[in-house]
Amino acid sequence: MSPALQLALLLAILLPAGKLAASLCSRFAIPAILGELLVGVLLGPGAVNLLHLHLFAGGEATSALMLLAQFGGFVLMFIAGIETDIDRMREASGAAFLVALSGVIWPFFLGAGVGHLFGLSWKTACFLGGALTATSVSISARTLMDAGKMQSPEATVILGAAVIDDVMGLFVLAFLAASGSTAHSPFGLAPMVSDWLQGKLPVAANHPLVVQMVLIAISVTVFFVVGYTLAQRGLSPLIHQLRKLSANEAVPSCVLALVLVYAVSAEWLGSVAGITGAYLLGYVFAGSEFKADVERSFYAIGHGLLIPLFFVAIGLSSDYRALSGHWGLLAAVFVVAIVSKLLGCGMAALASGMSWVRSVRIGCGMISRGEVGLIVTAMGASTGIFGKSEVAVMVAVVLLTTVLTPLALGSAFKLKTDEDPEDSGAPLTENAFFEHAATVTSSDAAKPSEERLRESSLKTGLVALSKTGAVAD
């Protein structure tokens with residue numbers, strides 16, 4: 001069977017299975033994301049081992065599937081950026097920084113300490129702690145979307161802190177990289193400049209850690225300043241020009257290309273995860289007049305194809321067979337992964353003036369681990385600092401925290417506080433939507449035709465979303 005047909009068959013299996021499992025979970029008030037993750041686990045190496053069946057021999061279709069899954073991560077974070085409440089994000093920036101800082105310090109030291117207690121060397125234990133520092137912002141974002149809480153104060157702190165501790169995790173990664181002898185430099189401008197400086201300047205060669213950390217700080221700053229400024233000034237003129245094109249769906253097509261450009265630029269120029277670049281672009285779109293049109297277009301391609309593959313692929317990558325004899329270490333690291341974020345981030349939120357209920361929600365939203373943790377794990381494996389057992393433990397912890405986060409965060413939002421609006425997070429029903437549409441329509445006659453056309457398009461899109469399940473029925 002050709003790779004194209006193999007990929008077609010994989011998509012034909014995984015997409016309906018993920019959606020059916022998500023729908024089943026939703027009926028029992030379980031976050032839909034959990035269904036997609038569990039489908040991947042059941043079809044992964046620990047059970048069915050779908051990707052290694054003879055039918056999919058060759059691996060080309062598997063590689064293509066994983067690439068599509070990564071695109072799903074970019075689209076997910078772009079949508080999360082669009083749905084961000086900009087005013088609340090600015091108000092919560094101080095709390096987000098404090099939560100992020102605490103969410104890096106606690107996991108690193110607790111993880112390193114527990115690893116050493118289980119007999120690991122200090123170098124291996126520090127790598128273990130470093131792999132636990134960064135939160136998976138994409139998991140938290142999808143969970144908040146499914147719960148209808150993207151506009152809540154907790155969401156702004158969680159997403160802001162997750163992006164910030166992703167950047168902080170880079171400095172931990174630089175420190176760990178300097179302690180090991182990696183054969184290949186990481187992708188990006190900062191590592192290239194660091195290698196060049198160390199080859200040309202004796203001072204830089206004698207202080208590689210200082211050089212790397214300074215360059216990462218410069219890279220992160222330049223990327224966020226340049227990326228935000230260009231998007232803020234150039235998006236509206238660009239969209240106006242794209243709307244003049246006669247080609248079908250020219251705007252969403254070119255915006256998707258721009259999302260991918262920002263993702264690549266984030267890793268190459270900014271030395272941060274590609275999903276951070278996608279989120280930055282979406283964040284700028286959140287304040288744009290074209291927000292509704294772009295968001296509607298990306299909902300279809302995102303939630304219909306790419307985003308489910310992203311979460312199913314996480315489950316497909318899990319293999320429990322390498323954990324034999326290391327269950328104690330797994331249990332200890334898993335507990336540290338939960339406690340360090342729940343208490344560390346929760347206490348930081350409480351110290352910033354938030355109520356204990358909202359602090360618990362923020363702690364729960366920061367539990368999941370993701371890309372940076374896997375990057376540190378891969379670095380540890382490539383340098384020989386991590387053996388097969390440590391790699392298996394970290395992959396399992398990433399998966400388990402990914403599964404746990406939707407459950408914990410969903411339960412935390414069931415806790416009531418006087419600060420919550422009465423309709424906070426309540427999904428928009430179809431009847432309520434039409435009542436609202438009728439109210440708005442009564443004043444449409446006084447509006448310019450272009451504005452009426454835009455609002456009519458938005459209403460049509462919301463109705464379509466309600467039919468597909470994006471708006472509760």
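The following dialogue goes through how some features of this predicted model get their labels.

Trainee: What should I know about the model before reading the values?

Mentor: It is a predicted model, in which local features need pLDDT of at least 70 and side-chain atom pairs count only at pLDDT 80 or more, while totals for chains, interfaces and linings use all residues. Residues are numbered from 1 along each chain as its sequence is written, and side-chain values use heavy atoms, with hydrogens and water left out.

Trainee: What does glutamate 390 touch?

Mentor: Contact means heavy atoms within 4.5 Å. Apart from neighbours within four places in sequence, glutamate 390 is in contact with Leu120 and Thr124.

Trainee: Which class does glutamate 249 fall into, and what is its phi?

Mentor: Glutamate 249 has 56% relative accessibility and therefore counts as exposed. Its phi is positive, about 50°, although it is not a glycine. Most residues other than glycine have a negative phi. Glutamate 249 lies in the loop between helix 11 (208-242) and helix 12.

Trainee: What makes a set of residues a nonpolar core?

Mentor: The set must consist of buried Ala, Val, Leu, Ile, Met, Phe, Trp, Tyr and Cys residues joined through side-chain atoms within 4.5 Å. The largest such core here has 105 residues, and Phe78, Val99, Val255, Phe285 and Phe311 have the most contacts inside it. A second, separate core has 16 residues, including Leu11 and Val39.

Trainee: How do you know that helix 12 is roughly perpendicular to helix 14?

Mentor: Axes are lines fitted to C-alpha atoms, for helices over the stretch in contact, and angles run from 0 to 180 degrees between N-to-C directions. The axes of helix 12 (residues 250-268) and helix 14 (residues 291-316) come within 10 Å and cross at roughly 75°. Angles under 35 degrees count as roughly parallel, over 145 as roughly antiparallel, 65 to 115 as roughly perpendicular and the rest as oblique. The pair is therefore roughly perpendicular. Among the contacting residues are Val255 of helix 12 and Phe298 of helix 14.

Trainee: Why is the pair of phenylalanine 78 and phenylalanine 285 called edge-to-face?

Mentor: Rings of Phe, Tyr and Trp (its six-membered ring) pair if their centres lie within 6.5 Å; planes under 30 degrees apart count as stacked, over 60 as edge-to-face and the rest as tilted. Here the centres are 5.6 Å apart and the planes stand at 85°, so the pair is edge-to-face. Phenylalanine 78 is in helix 3 and phenylalanine 285 in helix 13 (residues 274-285), 207 residues apart. Both residues are buried.

Trainee: What makes the pair of phenylalanine 71 and phenylalanine 74 tilted?

Mentor: Their planes are 40° apart, with 6.3 Å centre to centre, and the pair counts as tilted. The two are 3 residues apart in helix 3 (residues 60-82), about one helical turn. Phenylalanine 71 is partly exposed at 36% relative accessibility, whereas phenylalanine 74 is buried at 15%.

Conventions: Buried < 20%, exposed > 50% of the residue type's maximum accessible area, 1.4 Å probe, protein only. Helix = DSSP H or I, 4+ residues; strand = E, 2+ residues; numbered from the N terminus.
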